[in-house]
Amino acid sequence: MTFLHFLAAVIFLYVADEQNHSQLHFGKKCFQNENGDIIFSHIWVTRPFDELPANKEQCTLPEEPEPPVVPKYGK
């Protein structure tokens, strides 16, 4: 429970700073970078009036083809 208290205090102090003009977005969202890696987080920080590049639709992994079944012979 101590970590949750620490996290809540850090978020409170972050938002309370008047010179910090960034925005916090909560909720699991995913983002696919230029390398094709999928990055997900529950807390996103953006600059004011910038659109969040992550969304829930990108959280679904693309379906990979099933590997072929190779029959085993012998013992």
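Start by selecting helix α1, which gives the most to the nonpolar patch, with seven residues. Helices here are DSSP runs of H or I with at least four residues, strands are runs of E with at least two, and both are numbered from the N terminus. This is a predicted model, in which local features need pLDDT of at least 70, side-chain atom pairs count only at pLDDT 80 or more, and totals for chains, interfaces and linings use all residues. Residues are numbered from 1 along each chain as its sequence is written, and side-chain values use heavy atoms, with hydrogens and water left out.

**The whole chain**

Now show the protein as a cartoon. You will find one helix and two strands, in the order α-β-β from the N terminus. Of its 75 residues, 9% are buried, meaning under 20% relative accessible area, with over 50% called exposed and anything in between partly exposed (1.4 Å probe, protein chains only).

**The nonpolar patch**

**A charge over a ring**

Move on to K28 and F40. K28 lies over the face of F40, 4.9 Å from the ring centre; this label requires NZ of Lys or CZ of Arg within 6 Å of the ring centre and within 35 degrees of the ring normal.

**The loop between the strands**

Select N33, in the loop between β1 (23–32) and β2. Is N33 buried or exposed? N33 is buried, because its relative accessible area is 17%.

**After β2**

Finish at A54, in the segment after β2. With a relative accessible area of 6%, A54 counts as buried. Which residues does A54 touch, leaving aside those up to four places away in sequence? They are K29, C30, F31 and W44, where a contact means heavy atoms within 4.5 Å. For A54 and F31, the C-alpha atoms are 4.5 Å apart, across 23 residues of sequence.
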